[in-house]
Structure formats: C-alpha cells, structure tokens
Amino acid sequence: MDTGILILRLLVGLLVAGHGVQKVSTHLGGRGLDGGTEEFRADGFRGGALTALAAGGGQIGSGLLLAAGLLTPLAATGAIGVMTVALTVKWRHGLWVQNDGYEYPLVLIGTAAALAATGPGAWSADAALGIAPYPLGWAALALVAGIGSGLLTRLVLHRTPAPATADR
C-alpha cells in the first residue's frame, strides 16, 4: 500500500507543481509570467501578474508538499483550492477534457482529497517527522477548505461580464 501511495503522491504532486511552474516561467513549456497573466485575463480574472504568481506559487507549493508527503492535509487543501478555480473556469465546457472540460481538475481534486484521507504513507516526510497518520477529520477539513477557498477566489477575482447593451 505504501508503494502505491508514494507513486500517487509523486505523480499528482509533481504534475500540480509543474502546472504552477508553467504559469510563472518558460520552463516545462510555460509561456512565462506574461503568458500566465494573459491566460488569467483571458479567463476573466483581475489581478494580472499577481494573480498568476499566486496561482503558480500555490500550485508549486502544494504540489511539492504533496509529492514529499509533508503537511499532507495542508498540501491537499492547496491543490484542491487551485484546482477548484480551474474547474470553475472549465465548467462551461462540460466534463470531458477533449472539449476543454473540467475532467482533469476534478481528477486532481479527488486525488488530493484521497491522499488527505489515506495519509501520505510510510515513505513520506510526515511519517519521518512522526506527524502522520492524521485523523480522518483532517481530510474533510482539507476538502471543505480547499473547495471553499477556490470558490471564494473565483468570486473575488473573477470579473463580472458587462451587461449587453442594445443598439439604438
């Protein structure tokens, strides 16, 4: 079981972190901070570079913490939060990723929640520090706080479209 959890943590954590690296740099196929800023503006978010930096930093930090199995409930909360924002952006396209849907963010949200519920396993920084396993209540808190923070971010940072005006 610990081997499976390690593989899952590494895969998901490094993918989430890599996604963040792309938002703020030209590494891993990213378009740099200007590209990340442009992406958020095109998706209707205000804040420009600061928004891209916050999202990229959140993804990098939570992804690396998940991969290491360090502070797992906090790491899961961060990953769930940023992926909830991504899910809200892609919601209008439906579920499937081939239509630019929210399938991928949903899988990452579910995986982060599952890691919070199962714990990081024996081969983790949490286990080495003696702070794992966590009580199951931490997983519920991670899920609620992650989804809540993502929805709050969307509410605060997303611009409301201007009402359509009729031609006179």
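The accessible surface of the protein chain comes to about 9,200 Å², and carbon and sulfur atoms hold 69% of that area (Shrake-Rupley method, 1.4 Å probe, with only the protein chains shown counting as cover for residues). The model is predicted: local features need pLDDT of at least 70, side-chain atom pairs count only at pLDDT 80 or more, and totals for chains, interfaces and linings use all residues. Residues are numbered from 1 along each chain as its sequence is written, and side-chain values use heavy atoms, with hydrogens and water left out.

**Overall build**
- The protein chain has seven helices and zero strands (DSSP runs numbered from the N terminus; helices are H or I with at least four residues, strands E with at least two).
- Along the principal axes, the C-alpha atoms fill a box of roughly 70 × 35 × 30 Å.
- Of the 168 residues, 38% are buried (under 20% relative accessible area; exposed is over 50%, partly exposed in between; 1.4 Å probe, protein chains only).
- Among contacts with a separation of 6 or more, 64% join residues 24 or more positions apart (contact means heavy atoms within 4.5 Å).

**Helix H5**
- Helix H5 covers residues 103–118; its 16 residues should span 22 Å at 1.5 Å a residue, and its end C-alpha atoms are 22 Å apart, which agrees (the expected span is 1.5 Å times one less than the number of residues).
- Buried residues in H5 include Pro-105, Leu-108, Ile-109, Thr-111 and Leu-115.
- The cover over the buried residues of H5 includes helix H1 (2–24), helix H3 (49–68), helix H4 (72–90) and helix H7 (137–157).
- Tyr-104 lies in H5 and is partly exposed, at 32% relative accessible area.
- Tyr-104 and Lys-90 are 14 residues apart in sequence and 9.8 Å apart in space, C-alpha to C-alpha.
- Gly-119, with a positive phi near 90°, follows H5.

**Backbone exceptions in loops**
- Most residues other than glycine have a negative phi, and most peptide bonds are trans.
- Leu-28, in the loop between H1 and helix H2 (32–42), has a positive phi of about 55° and is exposed at 59%.
- Asp-100, in the loop between H4 and H5, has a positive phi near 65° and is partly exposed at 37%.
- The peptide bond from Ala-132 to Pro-133 is cis, with omega near 5°; Pro-133 is in the loop between helix H6 (125–129) and H7.
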